[in-house]
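Please look at the model before reading on.

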Amino acid sequence: MKFVYTFPLTRAFCLYLGQVALLALETFKSILAGRVRWRLVIYQIVEIGFGSQAVVIITGIFTGAVFTAQIFFQFDALNMSTAVGPVVSIALFRELGPVLTGLMVAGRVGAAMSAEIGTMKVTEQIDALRALAVNPVDYLVVPRAVAMLISMPLLVGECICFGLLASYFVATQILNVASVFFVHHMWVYTHGKEIVMAMTKGFVFAIIVVFIGCQQGLSTKNGAVGVGRSTTEAVVISSLSILMINFFLTMGLNIIFPAGGRY
Amino acid sequence: MSATSVNLIEVRDLKQTLSGQEILRGVNLDIPRGETLVLLGQSGGGKSVFLRHLIGLMRPISGSIRIEGEEIAKLDERELEPVRRKIGMLFQDGALFDSMDVFENVAFPLRERGERNEKIIRDKVARSLELVLLQGQERKMPVNLSGGMRKRAALARAIISEPSCILYDEPTAGLDPIVSDTINRLIRRLQSHLHVTSIVVTHDMTSTDHVADHVALLREGRIHFTGSLASLHSSTDQVITDFIEGRSHEID
């Protein structure tokens, strides 16, 4: 404990982590207690899930396309061009799909959540909710959390699907990789565990984005300047958290779902 | 104190410190049921902070707040909800939800309390808007309302659940004299129609003269004076006369 109080940055980090954890705890308690406003959840699914599709699809398409091209340029020199399919597929499922979707959603939705809740905070709208006997966590955070936990894994799946389609198109139509080998090798080397890993990461990144975005919004101070700062911090903190936690997730999940093998 | 006591709210030795500064240094105040109490004081003197304690938006460092006999100072957010349902609050800038139009803002407390019958909601919203003279503005968004209209819409939202007490935080701040007069008349009108207890925080003496049954003056974190409006005006206390006449001794 002495270490925590000796270094102000460590202390601030622990304090922030504690606030996010408490918000998450309160949110899950509300969800378990059935205090979920489904009308608002549907609205948030439209905002988060439907509204993020263009960003996620474009990210998936161009990531799949460029990664395919790079892998092809390297592998073709070794006469391994048909390995492009499985390499791109595993990379998209295990890393690129979840991480890039997480970063895109953090930029688009995390920022919007923080700005919206932050503006409500500085204009006393959150106090008005409390004065009207409405719990702000139940009203603002729970619908966003439920919607995000539903939407993010689906967005990850969508990003991967479009990445694979773009990869197939670039490999077979532009780089002249034999279609049958591309598909066959991709099919053989991509397993159910890759899908589980992608969905697990999507779920974890959803938790990171929603609770950091909402916590930043709820702790906003100092008017418009504060809203701007909260929004920026929400994006930066959630993006960095995604990148850092992704490493530990990869190491942990690789123990449960080891990479390699034909099945 | 029983629930039928003459006082709706009793505050004892309320203390609050913000950013190391003592804002409330032991406030003692009784607020009689069914009457309008105006809490006067200088800007930054802790009036709004005091008001926020009465609805549990702030928790005191020490002291007691009893509403209808129930101690609320130590209640958590969930335990405060039944207490808050008995109290309406008008925030300084209205605090309307800017994602909703006027109708949805006013209907919000009803929907949140489980009312699903649209006809009942429409009727109650219409009645509330009529009481605050805002008929015909239902579909306007808050951003398209003037300052006075925003406050009236917020007032309609505060009264729709028929609270036993309404808290007004600087209801005339930032409004021109005509709109201020309208708000003052509304406060009186609501009190006579709904028989609510009203607590008005202001530093506007014109507003005080319009609406007050009782007056309290908050100074340096304590209640310096309580009494009727007449006794305020007849006081010879230098602090009170300076406040009423708007005299400053800071730069002589």
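In which sense do strand E3 (residues 36-41) and strand E9 (residues 214-219) of chain B pair, and over how many bridges? E3(B) and E9(B) pair in the parallel sense, over five bridges. Within this pair, Val38(B) stands opposite Val215(B) in E9(B). Two strands count as paired if DSSP finds at least two bridges between them.

The model is predicted: local features need pLDDT of at least 70 and side-chain atom pairs count only at pLDDT 80 or more, while totals for chains, interfaces and linings use all residues. Residues are numbered from 1 along each chain as its sequence is written, and chains are lettered from A and ligands numbered from 1 in the order in which they are written.

**Overall form of chain B**

The secondary structure of chain B consists of nine helices and ten strands. Chain B has a radius of gyration of 18 Å, close to the 18 Å given by the globule rule for 252 residues, so it is as compact as a globular protein of that length. That radius is taken over C-alpha atoms, and the globule rule is 2.2 Å times the number of residues to the power 0.38. Along the principal axes, the C-alpha atoms of chain B fill a box of roughly 55 × 40 × 35 Å. Of the 252 residues in chain B, 43% are buried. A residue is buried if 20 or more other C-beta atoms lie within 10 Å of its own, exposed if 12 or fewer, and partly exposed in between, with C-beta atoms placed from the backbone.

**The six-stranded sheet**

E3(B) and E9(B) belong to an open sheet of six strands, in the order E6-E7-E8-E3-E9-E10 (chain B), with mixed pairing. E6 and strand E10 (222-228) of chain B are at the edges with a single partner strand each, so one side of each has no neighbour in the sheet. From one strand to the next, the twist averages 15 degrees.

Strand E7 (residues 165-169) of chain B pairs with E6(B) in the parallel sense and also with strand E8 (residues 197-202) of chain B in the parallel sense. Five of the five residues of E7(B) are buried, so this strand is largely enclosed by the rest of the structure. Cys165(B), Leu167(B) and Asp169(B) lie on one side of E7(B), and Ile166(B) and Tyr168(B) on the other. Strand E6 (residues 87-90) of chain B is likewise covered on both faces, with Ile87(B) and Met89(B) buried on one side and Gly88(B) and Leu90(B) on the other.

| Strand pair | Bridges | Facing residues |
|---|---|---|
| E6(B) and E7(B) | four bridges | Met89(B) and Leu167(B) |
| E7(B) and E8(B) | five bridges | Asp169(B) and Val201(B) |
| E3(B) and E9(B) | five bridges | Val38(B) and Val215(B) |

Helix H9 (residues 238-245) of chain B lies across E3, E9 and E10 of chain B, at about 105 degrees to E9(B). Such angles run from 0 to 180 degrees between N-to-C directions, with axes fitted to C-alpha atoms, for helices over the stretch in contact.

**The four-stranded sheet**

Another open sheet has four strands in the order E2-E1-E4-E5 (chain B), with antiparallel pairing. Its edge strands are strand E2 (21-32) and strand E5 (70-71) of chain B, each pairing on one side only. Nine bridges join strand E1 (residues 7-18) of chain B to E2(B), and Leu14(B) stands opposite Val27(B) in E2(B).

The domain assignment, whose bounds come from an automatic or database source, divides chain B into domain 1 (1-86 + 166-247) and domain 2 (96-162). Twelve residues from domain 1 of chain B and eleven residues from domain 2 of chain B form the contact, where two residues are in contact if their C-beta atoms, placed from the backbone, lie within 7 Å. Helix H6 (residues 177-194) of chain B gives the most to the domain 1 side, with seven residues.

Chain B also touches chain A, with 14 residues of chain B in contact with eleven residues of chain A. Helix H2 (77-84) and H3 of chain B are the elements that give two or more residues to the chain B side.
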